[in-house]
Amino acid sequence: MRILIIEDDRDAAAYLTKAFKEAGHVVDVAHDGVTGYDMALEGGYEVAIVDRMLPKMDGLTLIGALRGQKNETPILILSALGQVDDRVKGLRAGGDDYLAKPYAFSELLARVETLARRRPAGAPEETVYRVGDLTLDRLSHKVTRRGEEIVLQPREFRLLEYLMQNAGKVVTRTMLLEHVWDYHFDPQTNVIDVHVSRLRAKIDRDFDAPLLTTVRGAGYMIRDGAR
Amino acid sequence: MTALAKLFRATAFRLALAILAVSSVGAGVVLAIIAWQVVAVVDEEIARTIDAEAKGLTDAFNHDGLVGLYSSIEARKRQPGASLYLLTDPAGESLAGNVEQIPLEVLERQGFIVVNYRTNGPGDRVRQALVRIYKLPPGFLLLVGHDLGDRARIEGVMVRALAVSLVFFAALAALGALFVARNVLKRIDDINTSAQGVMAGDLTGRLPVSGSGDELDRLAESLNAMLKRIGVLMQGLREVSDNIAHDLRTPLTRLRNHAEAALAYGDDPAAYRAALEKTIEESDALIKIFNALLLIARAEAGGGIDGQTAFDLAEAARAVADLYEPIAEEEGVDLAVDIDAPLTVRGNRELIGQTIANLVDNALKYGAMSGRHPGDPKPSIVVSARRVGDAVELVVADRGPGVPPEDRKRVLDRFVRLEGSRSRPGSGLGLSLAAAVARMHGGRVELADNAPGLRVRVILPAEHAPPALPAPVSGSVHEPVAG
């Protein structure tokens, strides 16, 4: 996918460019707000990564200006501030996601890849997710695998729903915490892992082909291993 | 004598001069007004006398003509304390009287006038008199006047009074300056000396308080309170830097050691990989500590936070309990939420949720799991909340070993971990983070005995309640505490 990185720290931008290219993406870089704004307006980017503090035009102003021009490119804000209200300000300004520095690249990659998926504008939302022989019906809250119904707790259902919504993509622990529990902090203990292993016990244990896999150092992914 | 002491002396001197100047001008003005009034009265009296005498003489002239007038003048001028008389013919030649040498032009003027004159008696010297000229037919001029010696005497008295009072005021000013120098300036001098001691680095120094309760005492007391507060903050800062040195240095050293060891002994990609993974893990832990420190620092800097909304505390607590429930179950701990929904509070759901998570995490780590013996009842953690007046009280209670009363205030400080718990994972920031978040919301954290176990009470303002809360009781952290 085509990614625009607007970041004034040239070292960081070069590192991100290299890392995203290795992950198979096409990357353009702008080192100041005005250039970044012009490049983003020209369009064609599936995701823009915007640093909060930029020369010439700061990140939040840039996002506001883009949204004012009806440019709906998904934007992830990078910020060195990292305060709780800073995140709120970023999202209010029109950002789609927010990541505080310092971050793990795996986290950034996972978030950028799930952001891009939001794209198909106007497409009706799927009501049934399918991964291999696992089916999740969002309306009836029914989960079946190979035709057998699997009974899940409400929170487990939301966990699986979020994983399947991003099937084939890495979902990090903090992303799960954000979308399933609506919290953005970093829990001291690896509480998410316990939840995932419980879910895994329900959907994978009695079946030979595991769908829910752990991506070392990054998070989790659900995908049809047979394909 | 220090330069400062010299300045004080100079201040006292200037003060004395000012007192002297103000009181002298005041006395001068008062005396001048009195003199003016007295002189006016005297003048009036003299004028009345002159008019009366002139009337007597004119009567004599009218009855007995010039001869009558002449004899009257001759008779009157011999009496003691006599008035002044002069009778001239139309040519201006003196006919009778006791006045010599009077300027001729005076005779042409009307009304009362002050003139210099010379008597024709012995000891003739120039004197001042108030006179009036009366015209008598056919062209005679009669001058009647009275000496102004009384008036001059009164003026002399006033001048002497002014001189005496000036001396008196000078003495008074000197005394006042001495008093100010001795009492006020001396004390300011003392305060200054003490303040300089503090500036030189002795934060334990205090300003002298005389005990009189006056303005200077109140100032010294306020400054002393400020010094105490600064001292507390400084001590806190020192403790924090010591703790940071310990808690950041340890993982930093570990991190460095791993990298070094990998460089020195790692000879296959797997070993490098493991070392790098370890490095990332350690730096993540460092970032967590760092973020928590920033948040606490921000809470201590005061001021609220953006992103405050009204939200259901019951839901927020349940989400956290839900998050920790599987871990608690694995550890064999009952984790229960006892909140009547909805319980609306105003604040940052994120921070309050994180606080609950920290407290539950703490309860799991230090409370429920430690000090257990086989056969003990199943450990439990209860998260409850209820509304108490204008506040909402959130309680996380466990059945662990608890915290001794003397340590309850201290464990809310940064990095404090009680003896025996340092070896367990955790940054030691959980409770102080909770305290910081509570403070950001205008609330506080209190620790109490759960008999057995620990009860952590987070007190937050309820929605629409004013942010002020009743005064904290024991073990609270309304104020940043540091030792």
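Predicted model: local features only at pLDDT ≥ 70, side-chain atom pairs only at ≥ 80, totals over all residues.

Tutor: Two residues are taken to be in contact if their C-beta atoms, placed from the backbone, lie within 7 Å. In chain B, of the contacts with a separation of 6 or more, 63% are between residues 24 or more positions apart.

The part in question is the side of chain B that touches chain A. There, 22 residues of chain B are in contact with 21 residues of chain A. Three helices of chain B, α4 (269–300), α5 (313–330) and α6 (349–368), each supply at least two residues of this side. The largest share, 7 residues, comes from α5(B). Sorted by class, this side of chain B has 9 nonpolar, 6 polar and 7 charged residues.

As for the chain that carries this side, chain B has 483 residues, of which 28% are buried. Its secondary structure comes to 7 helices and 13 strands. An unreviewed UniProt entry lists residues 12–36 and 157–181 of chain B under "transmembrane region". In the model, residues 12–36 of chain B are 100% helix and 0% strand, with the end C-alpha atoms 36 Å apart. Residues 157–181 of chain B are likewise 100% helix and 0% strand, and their end C-alpha atoms are 36 Å apart.

Strand β3 (residues 47–51) of chain A holds Ile49(A). Leaving aside residues up to four places away in sequence, Ile49(A) touches Ile3(A), Ile5(A), Ile6(A), Leu76(A), Leu78(A) and Val112(A). One of these, Leu76(A), is 27 residues from Ile49(A) in sequence, yet their C-alpha atoms are 4.9 Å apart in space.

Further along chain A, 4 strands form an open, antiparallel sheet in the order β6-β7-β8-β9. Its edges are β6 (128–131) and β9 (148–150) of chain A; each has a single partner strand, so one side of each is left without a neighbour in the sheet. From one strand to the next, the twist averages 25°. Strand β8 (residues 142–145) of chain A runs antiparallel to β9(A), and 3 bridges join the two. The bridge partner of Thr144(A) in β9(A) is Glu149(A).

A helix pair also belongs to chain A. The axes of α6 (residues 154–165) and α8 (residues 191–203) of chain A come within 10 Å and cross at roughly 85°. Angles of 65 to 115 degrees count as roughly perpendicular, and α6(A) and α8(A) therefore stand roughly perpendicular to each other. On α6(A), Glu156(A), Leu159(A) and Leu160(A) meet residues of α8(A), among them His195(A), Arg198(A) and Leu199(A). This contact of α6(A) with α8(A) has 4 nonpolar, 1 polar and 3 charged residues.

Finally, 3 strands of chain A form an open sheet in the order β10-β12-β11, with antiparallel pairing. Here β10 (171–172) and β11 (212–215) of chain A stand at the edges with a single partner strand each, so one side of each lacks a neighbour in the sheet. The antiparallel strands β10(A) and β12 (residues 219–222) of chain A are joined by 2 bridges.

Terms used
Residues numbered from 1 in each chain as written. Chains lettered and ligands numbered in written order. Nonpolar A, V, L, I, M, F, W, Y, C, P; charged D, E, K, R; others polar. Buried ≥ 20, exposed ≤ 12 C-beta atoms within 10 Å, placed from the backbone. Pairing = 2+ DSSP bridges. Axes fitted to C-alpha atoms, helices over the stretch in contact; angles between N-to-C directions. Parallel < 35°, antiparallel > 145°, perpendicular 65-115°, else oblique. UniProt positions renumbered as here; feature names shortened; annotations may be inferred.
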